[in-house]
Amino acid sequence: MNTNTKHTPGPWTTPGTDGIDRVICATVKGQRRTIAHAYAPHRDQENAAEIRDANARLIAAAPALLDALRSLVEWEGIMGGFDSTRWDEARQAIAAATEI
């Protein structure tokens, strides 16, 4: 399995908001850099800030989730004997995150 990453290495954080969006940041060469912005689909929703913040947390967790999924798939390859459909789904998720 290809474990080379082309994305900005984690960890990613969600340090703050400008009131409309929440920024997702990574530390690059010792400096915090914004790599994405998260929004709610509709800013006028009653729970728009809650949705925006949940979207930001999910995006920020992506590098750690990818690493964990890769580790599980690698472990399954060593242990074997598991439901292949679920592991195929895991491999597809990894591919979706790492391939163009």
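**Figure 1. Three salt bridges are found in the structure.** A salt bridge here is a side-chain nitrogen of Lys or Arg within 4 Å of a carboxyl oxygen of Asp or Glu. Welcome to a predicted model, in which local features need pLDDT of at least 70 and side-chain atom pairs count only at pLDDT 80 or more, while totals for chains, interfaces and linings use all residues. Residues are numbered from 1 along each chain as its sequence is written, and side-chain values use heavy atoms, with hydrogens and water left out.

**Figure 2. Arg-22, Arg-52 and Asp-53 are linked in a network of salt bridges.** The side chains of Arg-22 and Asp-53 meet at 2.7 Å, N to O. This pair ties together distant parts of the chain, with Arg-22 in strand 2 and Asp-53 in helix 1, 31 residues apart. Asp-53 also forms a salt bridge with Arg-52, and here the closest N and O atoms are 2.9 Å apart. Helices (H or I, at least four residues) and strands (E, at least two) are DSSP runs, numbered from the N terminus. Arg-22 and Asp-53 are both buried, where buried means under 20% relative accessible area, exposed means over 50%, and partly exposed lies in between (1.4 Å probe, protein chains only).

**Figure 3. A closer look at Arg-52, a residue of helix 1.** Is this arginine buried or exposed? Arg-52 is buried, with a relative accessible area of 8%. Leaving aside residues up to four places away in sequence, Arg-52 touches Thr-17, Gly-19, Ile-20, Asp-21, Arg-22, Ala-38, Tyr-39 and Ala-40. Contact means heavy atoms within 4.5 Å.

**Figure 4. Asp-88 and Arg-91 pair up within helix 2 (residues 84-98).** Asp-88 is partly exposed, at 38% relative accessible area. Arg-91 is partly exposed too, with a value of 35%.

**Figure 5. The largest nonpolar core has six residues.** Its members are Trp-12, Ile-24, Ala-26, Ala-38, Ala-56 and Ala-60. Strand 2 (22-28) and helix 1 are the elements that give two or more residues to this core. A nonpolar core is a set of buried Ala, Val, Leu, Ile, Met, Phe, Trp, Tyr and Cys residues joined through side-chain atoms within 4.5 Å. A second, separate core has five residues, including Val-73, Trp-87, Ala-90 and Ile-94.

**Figure 6. The surroundings of Ile-24.** Which residues does Ile-24 touch, not counting residues up to four places away in sequence? Among them are Trp-12, Thr-13 and Thr-14, then Arg-33, Thr-34, Ile-35, Ala-36, His-37 and Ala-38. Ala-56, Ile-59 and Ala-60 also touch Ile-24.

**Figure 7. A nonpolar patch on the surface brings together Leu-72, Trp-75, Ile-78 and Met-79.** Together these four side chains belong to residues with about 430 Å² of accessible area, a value from the Shrake-Rupley method with a 1.4 Å probe, where for residues only the protein chains shown count as cover. Patches are made of residues with over 30% relative accessible area and no salt bridge, with like charges joined within 9 Å and nonpolar side chains (Val, Leu, Ile, Met, Phe, Trp, Tyr) within 5 Å. Trp-75 lies in helix 1 (residues 48-79). This tryptophan, Trp-75, is partly exposed, with a relative accessible area of 39%.

**Figure 8. Two backbone details: a cis peptide bond between Gly-10 and Pro-11, and a positive phi at Lys-29.** Most residues other than glycine have a negative phi, and most peptide bonds are trans. The bond joining Gly-10 and Pro-11 has an omega of about 0 degrees. Pro-11 is found in the segment before strand 1 (12-13). For Lys-29, phi is near 50 degrees. Where does Lys-29 sit? Its place is the loop between strand 2 and strand 3 (31-38). Lys-29 is exposed, with a relative accessible area of 83%.
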